[in-house]
Amino acid sequence: MDQETFNLSIRKFLKMVGVNSQREIEQAVQKSAEKLKGTEAVAVKMTLEIPSLGVKLPFDGEIRLK
């Protein structure tokens with residue numbers, strides 16, 4: 001295994017996930033703006049899955065609107 005190639009590949013994947021996730025979250029909040037007060041925190045959950053390695057790892061958190 002080439003460590004440099006491996007690390008660059010991970011970074012590229014995480015950047016893609018981060019950019020696309022942020023876009024989806026922003027769009028979802030904008031679409032729900034009428035239902036939201038704008039001061040709450042929205043619960044979020046993300047799951048990392050690597051089926052070929054048997055990995056399924058949930059991440060829970062919140063996104064504060066104010």
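In this predicted model, the lining of the largest pocket divides into 8 nonpolar residues, 1 polar residue and 1 charged residue. The lining is made up of Ser-21, Ile-25, Ala-28, Val-29, Val-42, Val-44, Lys-45, Met-46, Phe-59 and Ile-63. Lys counts as charged, so Lys-45 is the charged member of this lining. Helix 1, strand 1 and strand 2 each supply at least two of the lining residues. The volume of the largest pocket is about 190 Å³.

A nonpolar patch is found on the surface, with about 1200 Å² of accessible area in total. The patch consists of Met-1, Phe-6, Ile-10, Phe-13, Leu-14, Met-16, Met-46, Leu-48, Ile-50, Leu-53, Leu-57 and Phe-59. Two or more of these residues are given by each of helix 1 (3–31), strand 1 (41–50) and strand 2 (55–64). Helix 1 makes the largest contribution, with 5 residues. Met-46 and Phe-59 belong to the patch and also line the largest pocket.

Ile-10 lies in helix 1 and has a relative accessibility of 34%, so Ile-10 counts as partly exposed. Leu-57 is placed in strand 2; its relative accessible area is 41%, and Leu-57 is therefore partly exposed as well.

A second pair is formed by Leu-65 and Ala-41, which are 24 residues apart in sequence and 5.8 Å apart in space, C-alpha to C-alpha. Leu-65 is located in the segment after strand 2. With a relative accessible area of 27%, Leu-65 is partly exposed.

A search of the whole structure returns 1 salt bridge. In this salt bridge the side chain of Arg-64 meets that of Glu-62, with an N to O distance of 2.8 Å. The two partners fall into separate accessibility classes. Arg-64 has a relative accessibility of 61% and therefore counts as exposed, since the exposed class begins over 50%. Glu-62, at a relative accessible area of 44%, is partly exposed.

Note on methods:
Residues numbered from 1 in each chain as written. Predicted model: local features only at pLDDT ≥ 70, side-chain atom pairs only at ≥ 80, totals over all residues. Heavy atoms only, no water. Patch = residues over 30% accessible without salt bridge, like charges linked within 9 Å, V, L, I, M, F, W, Y side chains within 5 Å. Areas by Shrake-Rupley, 256 points an atom, 1.4 Å probe, with all protein chains shown as cover. Salt bridge = Lys/Arg side-chain N within 4 Å of Asp/Glu carboxyl O. Helix = DSSP H or I, 4+ residues; strand = E, 2+ residues; numbered from the N terminus. Buried < 20%, exposed > 50% of the residue type's maximum accessible area, 1.4 Å probe, protein only. 1 Å grid on protein atoms, 1.4 Å probe; cavity = no way out; pocket = protein on both sides within 12 Å on 5 of 7 lines; lining within 4 Å. Points joined across faces, edges and corners; volume = space filled by probe spheres on them.
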